[in-house]
Amino acid sequence: MITVVLFARLKREAGLEQVQMPLPSPPTVRALAAGVEAQFSLSLKGCMVAVNEQYADPEQTVADGDEVAFLPPVAGGSGEEAATDFVQVTDRELHLEQASAFLVRPGYGAQAYFVGTVRSPNLGKVVEYIEYEGYAPMAEKVMREAADRARERHGELNAYIQHRTGRLTPGQASILIGVGSPHRRAALEACDFLIEHLKVVLPVWKLEGDEDGEHWVKGQAGFQTL
(Lines give C-alpha, C1' and ligand atoms only; values in the text may rest on other atoms or scores of the structure.)
Protein backbone atom coordinates (compact mmCIF):
# COMPACT_ATOMS: atom_id res chain seq x y z
CA MET A 1 0.00 0.00 0.00
CA ILE A 2 1.00 3.62 -0.58
CA THR A 3 0.28 6.44 1.84
CA VAL A 4 -1.25 9.35 -0.07
CA VAL A 5 -1.14 12.77 1.62
CA LEU A 6 -3.23 15.76 0.48
CA PHE A 7 -2.80 19.43 1.33
CA ALA A 8 -4.64 22.74 1.12
CA ARG A 9 -7.62 22.71 -1.30
CA LEU A 10 -7.09 19.00 -2.07
CA LYS A 11 -7.51 18.04 1.59
CA ARG A 12 -10.66 20.09 1.90
CA GLU A 13 -12.20 18.86 -1.33
CA ALA A 14 -11.50 15.20 -0.52
CA GLY A 15 -12.54 15.55 3.11
CA LEU A 16 -9.40 13.83 4.39
CA GLU A 17 -5.67 14.45 4.70
CA GLN A 18 -4.26 10.94 4.35
CA VAL A 19 -5.39 7.68 2.78
CA GLN A 20 -3.92 4.28 1.93
CA MET A 21 -4.01 3.40 -1.78
CA PRO A 22 -2.98 0.17 -3.54
CA LEU A 23 0.12 0.17 -5.74
CA PRO A 24 -1.10 1.20 -9.21
CA SER A 25 -0.33 -0.43 -12.54
CA PRO A 26 1.94 0.81 -13.95
CA PRO A 27 3.60 1.74 -10.61
CA THR A 28 4.13 5.44 -11.36
CA VAL A 29 3.19 8.70 -9.72
CA ARG A 30 0.99 9.59 -12.69
CA ALA A 31 -0.97 6.32 -12.44
CA LEU A 32 -1.41 6.82 -8.71
CA ALA A 33 -2.65 10.35 -9.35
CA ALA A 34 -5.25 9.04 -11.79
CA GLY A 35 -6.52 6.66 -9.12
CA VAL A 36 -6.73 9.46 -6.53
CA GLU A 37 -8.62 11.68 -8.99
CA ALA A 38 -11.10 8.92 -9.76
CA GLN A 39 -11.70 7.89 -6.16
CA PHE A 40 -12.10 11.38 -4.68
CA SER A 41 -13.37 13.38 -7.70
CA LEU A 42 -10.32 15.66 -7.52
CA SER A 43 -8.36 17.46 -10.20
CA LEU A 44 -4.62 17.15 -9.66
CA LYS A 45 -3.75 19.03 -12.83
CA GLY A 46 -0.96 21.53 -12.11
CA CYS A 47 -0.06 19.92 -8.78
CA MET A 48 3.49 19.02 -7.80
CA VAL A 49 4.34 15.68 -6.23
CA ALA A 50 6.68 14.60 -3.43
CA VAL A 51 7.71 10.99 -2.88
CA ASN A 52 9.07 10.36 0.61
CA GLU A 53 9.42 14.12 1.18
CA GLN A 54 11.40 14.77 -2.03
CA TYR A 55 10.00 16.52 -5.10
CA ALA A 56 9.40 13.94 -7.83
CA ASP A 57 8.67 13.71 -11.54
CA PRO A 58 5.17 12.46 -12.48
CA GLU A 59 6.76 9.49 -14.28
CA GLN A 60 8.76 8.39 -11.22
CA THR A 61 8.09 4.85 -10.07
CA VAL A 62 6.61 4.18 -6.65
CA ALA A 63 6.69 1.15 -4.37
CA ASP A 64 4.75 -0.30 -1.48
CA GLY A 65 5.47 1.66 1.69
CA ASP A 66 6.13 4.97 -0.09
CA GLU A 67 4.52 8.22 1.02
CA VAL A 68 3.28 10.29 -1.92
CA ALA A 69 2.11 13.85 -1.31
CA PHE A 70 0.16 15.86 -3.86
CA LEU A 71 0.97 19.55 -3.54
CA PRO A 72 -1.00 22.41 -5.09
CA PRO A 73 1.20 25.24 -6.42
CA VAL A 74 2.74 26.88 -3.38
CA ALA A 75 1.85 30.37 -2.20
CA GLY A 76 4.70 32.21 -1.59
CA GLY A 77 7.68 21.43 13.00
CA SER A 78 9.48 21.47 15.83
CA GLY A 79 12.60 23.09 14.55
CA GLU A 80 16.01 21.52 14.43
CA GLU A 81 18.94 23.75 15.24
CA ALA A 82 22.34 23.07 13.71
CA ALA A 83 25.63 24.92 13.95
CA THR A 84 25.07 26.55 10.57
CA ASP A 85 21.32 27.03 10.08
CA PHE A 86 18.06 27.14 11.98
CA VAL A 87 14.89 26.15 10.10
CA GLN A 88 11.41 25.75 11.50
CA VAL A 89 7.73 25.55 10.61
CA THR A 90 5.81 26.65 13.69
CA ASP A 91 2.39 27.79 14.87
CA ARG A 92 3.98 30.22 17.33
CA GLU A 93 4.69 33.91 16.96
CA LEU A 94 7.91 34.83 15.15
CA HIS A 95 10.45 37.05 16.91
CA LEU A 96 13.21 38.96 15.16
CA GLU A 97 15.34 39.05 18.30
CA GLN A 98 15.57 35.25 18.27
CA ALA A 99 16.96 35.34 14.74
CA SER A 100 19.42 38.02 15.78
CA ALA A 101 20.60 35.98 18.77
CA PHE A 102 21.33 33.05 16.45
CA LEU A 103 23.02 35.01 13.66
CA VAL A 104 25.14 37.62 15.44
CA ARG A 105 28.64 36.15 15.82
CA PRO A 106 32.05 37.73 16.36
CA GLY A 107 33.35 36.71 12.94
CA TYR A 108 30.31 38.00 11.06
CA GLY A 109 30.16 41.68 10.23
CA ALA A 110 26.70 41.68 8.66
CA GLN A 111 23.19 40.40 9.24
CA ALA A 112 20.27 40.87 6.82
CA TYR A 113 16.64 40.14 7.65
CA PHE A 114 13.29 39.86 5.90
CA VAL A 115 9.97 39.70 7.71
CA GLY A 116 6.83 39.02 5.68
CA THR A 117 3.52 40.09 7.24
CA VAL A 118 -0.15 39.71 6.37
CA ARG A 119 -1.25 42.70 4.28
CA SER A 120 -4.62 44.44 4.16
CA PRO A 121 -6.05 45.64 1.90
CA ASN A 122 -4.87 43.24 -0.82
CA LEU A 123 -5.97 43.67 -4.44
CA GLY A 124 -8.50 46.22 -3.25
CA LYS A 125 -10.11 43.85 -0.73
CA VAL A 126 -10.04 44.14 3.05
CA VAL A 127 -8.27 41.03 4.37
CA GLU A 128 -9.57 39.66 7.65
CA TYR A 129 -7.10 36.78 7.99
CA ILE A 130 -4.90 34.30 6.15
CA GLU A 131 -4.83 30.64 7.13
CA TYR A 132 -1.37 29.16 6.44
CA GLU A 133 -1.05 25.42 5.92
CA GLY A 134 2.30 23.69 5.42
CA TYR A 135 3.85 20.28 4.81
CA ALA A 136 6.20 20.78 7.75
CA PRO A 137 8.73 17.91 7.45
CA MET A 138 9.29 18.56 3.76
CA ALA A 139 9.23 22.34 4.18
CA GLU A 140 12.10 22.18 6.66
CA LYS A 141 14.11 20.01 4.27
CA VAL A 142 13.46 22.54 1.50
CA MET A 143 14.59 25.36 3.80
CA ARG A 144 17.88 23.58 4.55
CA GLU A 145 18.47 22.89 0.86
CA ALA A 146 17.81 26.58 0.11
CA ALA A 147 20.36 27.63 2.73
CA ASP A 148 22.91 25.29 1.15
CA ARG A 149 22.22 26.83 -2.26
CA ALA A 150 22.69 30.29 -0.79
CA ARG A 151 26.09 29.24 0.55
CA GLU A 152 27.10 27.87 -2.85
CA ARG A 153 26.27 31.24 -4.39
CA HIS A 154 27.44 33.66 -1.71
CA GLY A 155 30.06 31.87 0.36
CA GLU A 156 30.26 31.49 4.13
CA LEU A 157 26.99 32.33 5.88
CA ASN A 158 24.41 31.16 8.42
CA ALA A 159 20.68 31.15 7.72
CA TYR A 160 17.66 31.48 10.01
CA ILE A 161 14.35 30.57 8.34
CA GLN A 162 10.95 30.29 10.01
CA HIS A 163 7.46 30.05 8.56
CA ARG A 164 4.37 30.32 10.69
CA THR A 165 1.21 28.27 10.18
CA GLY A 166 -2.33 28.77 11.39
CA ARG A 167 -4.64 31.78 11.18
CA LEU A 168 -2.91 35.17 11.10
CA THR A 169 -4.42 38.63 10.94
CA PRO A 170 -3.09 41.77 9.19
CA GLY A 171 0.23 42.92 10.60
CA GLN A 172 1.26 39.54 11.98
CA ALA A 173 4.47 37.97 10.68
CA SER A 174 4.18 34.84 8.56
CA ILE A 175 7.81 34.34 7.52
CA LEU A 176 11.17 35.36 8.94
CA ILE A 177 14.41 34.98 6.99
CA GLY A 178 17.79 36.05 8.31
CA VAL A 179 21.35 35.68 7.02
CA GLY A 180 24.59 36.25 8.85
CA SER A 181 27.82 36.64 6.88
CA PRO A 182 31.27 38.15 7.21
CA HIS A 183 30.34 40.73 4.54
CA ARG A 184 27.37 43.03 3.91
CA ARG A 185 26.83 42.33 0.21
CA ALA A 186 26.77 38.56 0.68
CA ALA A 187 24.24 38.83 3.52
CA LEU A 188 21.92 41.09 1.52
CA GLU A 189 22.09 39.07 -1.69
CA ALA A 190 21.70 35.72 0.08
CA CYS A 191 18.66 36.98 1.95
CA ASP A 192 17.09 38.16 -1.31
CA PHE A 193 17.88 34.81 -2.95
CA LEU A 194 16.19 32.90 -0.11
CA ILE A 195 13.06 35.06 -0.34
CA GLU A 196 12.68 34.59 -4.09
CA HIS A 197 13.57 30.88 -4.05
CA LEU A 198 11.39 29.84 -1.13
CA LYS A 199 8.25 31.58 -2.38
CA VAL A 200 8.30 29.19 -5.36
CA VAL A 201 9.34 25.88 -3.75
CA LEU A 202 8.24 25.98 -0.10
CA PRO A 203 5.18 23.72 0.40
CA VAL A 204 3.03 26.28 2.21
CA TRP A 205 -0.45 27.39 1.12
CA LYS A 206 -2.59 30.41 1.97
CA LEU A 207 -6.35 30.47 2.45
CA GLU A 208 -7.32 34.14 2.49
CA GLY A 209 -10.44 35.43 4.17
CA ASP A 210 -11.60 38.81 2.87
CA GLU A 211 -14.83 40.75 2.40
CA ASP A 212 -15.88 38.31 -0.36
CA GLY A 213 -15.32 35.15 1.69
CA GLU A 214 -12.52 32.55 1.59
CA HIS A 215 -10.31 31.68 -1.38
CA TRP A 216 -6.96 29.99 -1.95
CA VAL A 217 -4.23 32.41 -2.94
CA LYS A 218 -2.94 31.57 -6.42
CA GLY A 219 0.42 29.84 -6.14
CA GLN A 220 3.45 28.93 -8.20
CA ALA A 221 4.97 25.59 -9.20
CA GLY A 222 8.75 25.34 -9.07
CA PHE A 223 8.87 21.72 -10.25
CA GLN A 224 7.21 19.56 -12.87
CA THR A 225 3.48 19.15 -12.36
CA LEU A 226 0.79 16.64 -13.23
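I took helices (H or I, at least four residues) and strands (E, at least two) as DSSP runs, numbered from the N terminus. The model is predicted, so I kept local features at pLDDT of at least 70 and side-chain atom pairs at pLDDT 80 or more, while totals for chains, interfaces and linings use all residues. Residues count from 1 along each chain as its sequence is written, and side-chain values use heavy atoms, without hydrogens and water.

**Helix 3**

I looked up helix 3, residues 96-103. Ala 99, Phe 102 and Leu 103 are buried there (buried is under 20% relative accessible area, exposed over 50%, partly exposed in between; 1.4 Å probe, protein chains only). They span an arc of only 90° around the axis, so they sit on the same side of helix 3. I note that the arc uses directions from the helix axis to the C-beta atoms. On the face turned away from the buried side I found Glu 97 and Ala 101, both exposed.

**Val 104 and its patch**

Next I placed Val 104 in the loop between helix 3 and strand 8 (110-117). Val 104 is partly exposed, at 47% relative accessible area. I found Val 104 in a nonpolar surface patch with Leu 96, Tyr 113 and Val 115. Together they have about 310 Å² of accessible area (Shrake-Rupley method, 1.4 Å probe; for residues, only the protein chains shown count as cover). Patch members need over 30% relative accessible area and no salt bridge, and nonpolar side chains are joined within 5 Å. A salt bridge puts a side-chain nitrogen of Lys or Arg within 4 Å of a carboxyl oxygen of Asp or Glu.

**Strand 7**

I then checked strand 7, residues 85-90. Since 6 of its 6 residues are buried, strand 7 is largely enclosed by the rest of the structure. Asp 85, Val 87 and Val 89 cover one side, with Phe 86, Gln 88 and Thr 90 on the other. Strand 7 runs parallel to strand 10 (residues 158-164), joined by 6 bridges. Val 87 faces Ile 161 of strand 10.

Methods: Patch = residues over 30% accessible without salt bridge, like charges linked within 9 Å, V, L, I, M, F, W, Y side chains within 5 Å. Pairing = 2+ DSSP bridges.
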